[in-house]
Amino acid sequence: MLLAKIHVTLKPGVLDPQGEAVGKGLRAMGYGGVAAVRVGKYLEIMLNLDDREEAGRQVEEMCRRLLANPVIEEYRYSLEDLAGISTEGPLMRDATKASQR
């Protein structure tokens, strides 16, 4: 089993009104050292696969087809082996339920 950790961010030069609002809010709260904020997405996807090459191919396809808008966003990901990891966290419990259906 593998865990894909995916970061989706706006491409450089793409306006980020949400990031601007967060930055303005942080400065208003007294965090004067905040120069800029960019907002993105972080996703974790558990894959019932052991083949890292196939997992990477599928994650690439997921990002291109659904998770990122290639016109304005870029993405990066890593794959982690979950062998021997506890199944106590919410993501693991959800995955266990899904695999039992």
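Glu61 is partly exposed, with a relative accessible area of 29%; here buried means under 20% relative accessible area, exposed over 50%, and partly exposed in between (1.4 Å probe, protein chains only). The side chain of Glu61 meets that of Arg57 in a salt bridge, at 3.2 Å from N to O. A salt bridge is a side-chain nitrogen of Lys or Arg within 4 Å of a carboxyl oxygen of Asp or Glu. Both residues belong to helix H2 and stand 4 residues apart, about one turn of the helix. Helices (H or I, at least four residues) and strands (E, at least two) are DSSP runs, numbered from the N terminus.

## Basis of the description

This is a predicted model, in which local features need pLDDT of at least 70 and side-chain atom pairs count only at pLDDT 80 or more, while totals for chains, interfaces and linings use all residues. Residues are numbered from 1 along each chain as its sequence is written, and side-chain values use heavy atoms, with hydrogens and water left out.

An α-helix has 3.6 residues a turn, so residues three or four places apart point the same way. Arg57 is partly exposed at 42% relative accessibility, and Glu54 is partly exposed at 25%.

A network of salt bridges links Glu54, Arg57, Glu61 and Arg65.

The buried residues of H2 are Ala55, Gly56, Val59, Cys63 and Leu67. Seen down the helix axis, they fall within an arc of 100°, so they line one face of H2; the arc is that of the directions from the helix axis to the C-beta atoms. Their cover includes strands S1, S2 (41-47) and S3. On the other side of H2, Glu53 and Arg65 are exposed.

At the N-terminal end, Asp51 caps H2: one of its side-chain oxygens lies 2.9 Å from the backbone nitrogen of Glu53. Between its end C-alpha atoms H2 spans only 19 Å, whereas a straight helix of 16 residues would span 22 Å at 1.5 Å a residue. The expected span is 1.5 Å times one less than the number of residues.

The structure holds 6 salt bridges. One of them joins Glu80 and Lys5, whose closest N and O atoms are 3.1 Å apart. Glu80 lies in strand S3 (residues 73-81) and Lys5 in strand S1 (residues 2-10), so the pair ties together parts that are 75 residues apart in sequence. Glu80 is partly exposed at 33% relative accessibility, and Lys5 is partly exposed at 22%.

## Glu73 in strand S3

Strand S3 also contains Glu73, which counts as buried at 14% relative accessibility. The side chain of Glu73 reaches the backbone nitrogen of Asn69 at 2.7 Å. Leaving aside neighbours within four places in sequence, Glu73 is in contact (heavy atoms within 4.5 Å) with residues including Val8, Leu10, Lys41 and Leu67.

Definitions and conventions
Polar contact = N/O pair within 3.5 Å; in protein donor to acceptor, adjacent residues only side chain to side chain.
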